[in-house]
Amino acid sequence: MSPSGAEVIRQIKQQVEEVDPAEVSEHLGNGVTVIDVRESEEWDRGHIPGAKHVPRGYLESRIEGAAPNRDARIVLYCASGQRSALAAHTLKDLLGYTNVASMTGGITLWKDRGYKVELPRTLTPQQRDRYGRHLLLPEIGLEGQSKLLDSKVLLLGAGGLGSPTALYLAAAGVGTLGIVDDDDVDVSNLQRQIIHTTDRIGTPKVDSAEAAIAALNPDVKVVKYPVRLDASNIMEIIEGYDVIVDGVDNFPTRYLLNDATVRLGIPVVSASILGFDGQLSVFKPHDGPCYRCLYPVPPPAELAPSCGANGVLGVLPGTMGLLQATEVVKLVTGAGEPLVGRLLLYEALSATFTELKVRRDPDCPICSRPVDEITDEEMGVFPDYEAFCAAAG
Ligand SMILES: [Zn+2]
């Protein structure tokens with residue numbers, strides 16, 4: 001007579017090494033591969049931190065991806081310790097794994113003992129639909145989309161550059177968008193600042209931008225700062241953001257922003273536009289040059305947009321703003337090569353892109369020094385700005 005199923009399990013369990021949750025907890029992260037062999041719905045309800053998921057039904061086909069080295073230490077677990085014992089037996093006897101154990105009592109005992117459980121982020125059915133085209137990209141996928149949803153991005157200005165950037169970052173599912181802008185919507189903005197509308201003329205730009213973002217994507221939380229960024233508020237506003245999108249049009253604020261972000265280690269995606277030309281770079285503190293490495297002194301006065309009203313082609317901030325949004329998505333998800341140490345120049349009339357290398361200045365007054373040596377007093381200070389604008393007429 002064949003043995004009963006319970007008898008088979010009992011026999012197999014005798015041949016498999018079993019370890020206590022205490023031992024697994026002690027060795028977590030120390031070269032032990034922990035594998036959860038339960039079904040996806042069980043995994044989604046919580047799993048051991050750092051564990052890999054290989055459902056028992058896929059054990060033979062997927063184990064090599066999760067544990068390529070057959071002699072490395074592997075601990076399997078399930079809900080109660082039965083399925084993991086059977087899976088350990090399979091790995092040992094059929095697949096040649098030499099150092100496999102099954103965790104006693106499964107995740108049930110693990111939880112009873114009070115050990116930590118990690119909940120994977122799951123997207124709602126609506127989010128799966130909304131971000132479906134991201135989920136199809138291996139470079140983004142669920143992991144990248146989760147990072148976007150967890151990310152906090154600060155936009156300096158809801159103007160020409162900030163408008164398209166805000167809309168696309170909101171559409172991409174950036175979870176928190178901070179917006180710093182103390183202006184009201186004016187009819188002259190609407191030639192390029194596409195987040196605003198004719199019926200919102202006269203309302204604060206932060207409110208107008210919030211309305212547009214809320215209508216586009218309810219996943220996005222907007223944090224409004226209807227103020228001018230200055231030395232008194234910058235540290236308080238920018239702290240805690242993952243990336244800053246710089247669309248400010250004046251050099252004092254750019255230097256201030258640079259010094260503050262180097263101190264806090266926050267990357268800045270910076271763009272500027274004038275006439276038909278735009279430029280773009282990513283300043284990632286200590287990974288590449290900072291803004292002061294590129295511009296130790298302000299550029300020539302005639303190239304300083306802040307010294308007065310200048311013409312700008314309406315679509316140009318769209319082009320540059322979307323390049324900024326692209327760099328933000330790359331920085332947040334880790335996909336691709338961000339524009340660090342490179343300055344991208346775009347000339348709309350000739351339709352040409354030029355890339356220049358930018359090196360870190362070993363004598364940079366800010367980024368060459370330990371961050372705790374940068375004082376409040378020197379932040380944003382640079383050679384004689386007033387005289388510089390006066391010279392521009
Ligand atoms: Zn520097």
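What is the geometry of the site of the zinc ion, judged from the angles among its 4 donor atoms? This report takes up that question first, using a predicted model.

## The zinc site

The site of the zinc ion is tetrahedral, with angles of 96 to 120° among the 4 donor atoms. For reference, the ideal angle at a metal with four tetrahedral donors is 109.5 degrees.

The protein donors are the SG atoms of C290, C293, C364 and C367, and they lie 2.2 to 2.3 Å from the zinc ion. Along the chain, these donors follow the spacing C-x2-C-x70-C-x2-C.

## Where the donors sit

Most residues other than glycine have a negative phi.

H286 is not a glycine, yet its phi is positive, at about 70°. You will find H286 in the loop between β11 and α14. The residue H286 is partly exposed, with a relative accessible area of 36%.

A351, also a residue other than glycine, has a positive phi near 55°. Its place is the loop between β12 (342–347) and β13. A351 is exposed, and its relative accessible area is 59%.

Terms used. Residues numbered from 1 in each chain as written. Predicted model: local features only at pLDDT ≥ 70, side-chain atom pairs only at ≥ 80, totals over all residues. Heavy atoms only, no water. Donors = N, O, S within 2.8 Å, 3.2 Å for Na, K, Ca; no water. Tetrahedral: all angles 85-135°; square planar, octahedral: opposite > 155°, others 65-115°. Helix = DSSP H or I, 4+ residues; strand = E, 2+ residues; numbered from the N terminus. Buried < 20%, exposed > 50% of the residue type's maximum accessible area, 1.4 Å probe, protein only.
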